Amino acid sequence: MPAYVVIDLDVSDPAGFQQYIDGVTPLIEQSGARNLLIDDNSVVLEGDWEPATLVIHEFSSKAALQAFWDSPEYQPLKELRRKYSSVKVVAGQSPDVP
C-alpha cells in the first residue's frame, strides 16, 4: 500500500537548500519513491494552514518510507535541511482499497 510524506517547507536560504535538493533527489529515486507535488502557491480551501511550499512524496509502503527516513545516507541531509529551512513533516499510508 502506498505511503505518503506531506511536508510544509519554509526555505530560509535557497542557495544553501539547493545542496539538500542535490543530495536528496538521488536518494528518493533510489528508494523507488517519487515527488508527487512541489507547490509554492498552494490554495487554502479551509482552515489557517498556509505552507510556504507544499511537498508530497509517494513511497511504495510505510516500511519503505521509514527505511528511507532512517537510512544512514539521509541523516547528514536532514541536518543540511534543518540548516537552510524549517519543515513540518507527516506521513500516512493509503488504505487497502479492493
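Arg 34 is partly exposed, with a relative accessible area of 47%. This is a predicted model. Arg 34 has a partner: Glu 58, with which it forms a salt bridge. The closest N and O atoms of the pair are 2.7 Å apart. Arg 34 belongs to strand E2 and Glu 58 to strand E3, so the bridge ties together parts that are 24 residues apart in sequence.

The structure holds two salt bridges. The other joins the side chains of Arg 82 and Glu 79, at 2.6 Å from N to O. Both residues lie in helix H3, three residues apart, which is about one turn of the helix. An α-helix has 3.6 residues a turn, so residues three or four places apart point the same way. Arg 82 is partly exposed, at 47% relative accessible area. Glu 79 is partly exposed too, at 48%.

Now follow H3 itself. Its buried residues are Leu 77, Lys 78, Leu 80, Arg 81 and Tyr 84. They sit on the same side of H3, because they cover an arc of only 160 degrees around the axis. The face turned away from this buried side carries Pro 76 and Lys 83, which are exposed. What do the buried residues of H3 pack against? Their partners are E1, H1, H2 and E4.

Leu 80 touches Gln 19 and Tyr 20. Leu 80 and Gly 16 are 64 residues apart in sequence, yet their C-alpha atoms are 8.3 Å apart in space.

H1 runs over residues 14–30. It has 17 residues and reaches 24 Å from its first C-alpha to its last, close to the 24 Å expected. At the start of H1, Asp 13 places a side-chain oxygen within 3.2 Å of the backbone nitrogen of Ala 15. Further along, H1 bends by about 25 degrees at Val 24. A proline, Pro 26, follows within four residues. After H1 comes Gly 32, with a positive phi near 85 degrees.

Which residues of H1 are buried? They are Gly 16, Phe 17, Tyr 20, Val 24, Leu 27 and Ile 28. The buried residues of H1 pack against strands E1 (3–11), E2 (34–39), E3 (53–59) and E4 (85–93), and against helices H2 (62–70) and H3.

Notes: Residues numbered from 1 in each chain as written. Predicted model: local features only at pLDDT ≥ 70, side-chain atom pairs only at ≥ 80, totals over all residues. Heavy atoms only, no water. Contact = heavy atoms within 4.5 Å. Helix = DSSP H or I, 4+ residues; strand = E, 2+ residues; numbered from the N terminus. Expected span 1.5 Å × (residues − 1). Bend = angle between axes of the 7 residues up to and from the residue. Buried < 20%, exposed > 50% of the residue type's maximum accessible area, 1.4 Å probe, protein only. Polar contact = N/O pair within 3.5 Å; in protein donor to acceptor, adjacent residues only side chain to side chain. Arc of directions from axis to C-beta. Salt bridge = Lys/Arg side-chain N within 4 Å of Asp/Glu carboxyl O.
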